[in-house]
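Subject: Structure for your attention

Dear colleague,

Please find the structure below, followed by an account of what was found in it. I would be grateful if you kept it open while reading.

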Amino acid sequence: MADAPLVGIIMGSTSDWETMRHAADVLAELGVPHETRVVSAHRTPQRLYDYATGAADRGLKVVIAGAGGAAHLPGMAASMTHLPVLGVPVESKALKGMDSLLSIAQMPGGIPVGTLAIGKAGAINAGLLAAAILATADTALADRVKAWRARQTDSVANDPE
């Protein structure tokens, strides 16, 4: 995106992109500048540290972090930045994402992570929530978010047939 990113989308591995691309798609549709990075809490801890501690100084306002399995990425990122961190549990093979969900949702008091649904729905909602957070200080974005929601409402049929 041409403008400086306001939202950072990070994920633990390239395989998480299948889920996390939905957050990026929503942000792109709403015209929110964003960036995407692979940042593993376990395999690239220095990359995580550098990303999270420098996020605010680089102009980011919200971080969306997707992770599966042990899902430490959202909580670790939240522990290193004052920015809002939205966690997306990526569906795992062994436990269908329940492990990811519980790992992200059960943060200790003092290190909040806004936790979304498992998988695609969570990624879509993370993008929408990040946009809504930014829209509190951007009336043009607020209008785009309202229009997105109105289109969604209008797309629901009155009758089942």
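Strand β1 (residues 7-11) and strand β2 run parallel and are joined by five bridges. Strands and helices here are DSSP runs numbered from the N terminus, with at least two residues (E) for a strand and at least four (H or I) for a helix. Two strands count as paired if DSSP finds at least two bridges between them. Within this pairing, Ile9 stands opposite Thr36 in β2.

Please note that this is a predicted model, in which local features need pLDDT of at least 70 and side-chain atom pairs count only at pLDDT 80 or more, while totals for chains, interfaces and linings use all residues. Residues are numbered from 1 along each chain as its sequence is written, and side-chain values use heavy atoms, with hydrogens and water left out.

Strand β1 also pairs with β3: five bridges join the two, which run parallel, and Ile10 stands opposite Ala65 in β3. The whole sheet is open and has five strands in the order β2-β1-β3-β4-β5, with parallel pairing. Strands β2 and β5 (114-115) stand at the edges with a single partner strand each, so one side of each has no neighbour in the sheet.

I turn next to the charged side chains. The structure holds five salt bridges, a salt bridge being a side-chain nitrogen of Lys or Arg within 4 Å of a carboxyl oxygen of Asp or Glu. One of them joins Asp25 and Arg21, at 3.7 Å from N to O. These two residues are four places apart in helix α1 (residues 17-29), which means that about one helical turn separates them. Glu18, Arg21 and Asp25 are linked in a network of salt bridges.

How exposed are Asp25 and Arg21? Asp25 is partly exposed at 41% relative accessibility, and Arg21 is partly exposed at 27%. Buried means under 20% relative accessible area, exposed over 50%, and partly exposed in between (1.4 Å probe, protein chains only).

Glu35 forms a salt bridge with Arg58, at 2.8 Å from N to O. Because Glu35 lies in strand β2 (residues 34-38) and Arg58 in the loop between α2 (45-54) and β3 (62-68), the pair ties together parts that are 23 residues apart in sequence. Glu35 also forms a salt bridge with Arg37, where the closest N and O atoms are 3.7 Å apart. Glu35 is buried, with a relative accessible area of 8%, whereas Arg37 is partly exposed at 40% and Arg58 is partly exposed at 40%.

A further residue to look at is Ser40, in the loop between β2 and α2. Ser40 is buried, at 5% relative accessibility. Leaving aside residues up to four places away in sequence, Ser40 touches Met11, Gly12, Pro45 and Leu48; contact means heavy atoms within 4.5 Å. The C-alpha atoms of Ser40 and Ala67 are 8.6 Å apart, although 27 residues separate the two along the chain.

A colleague
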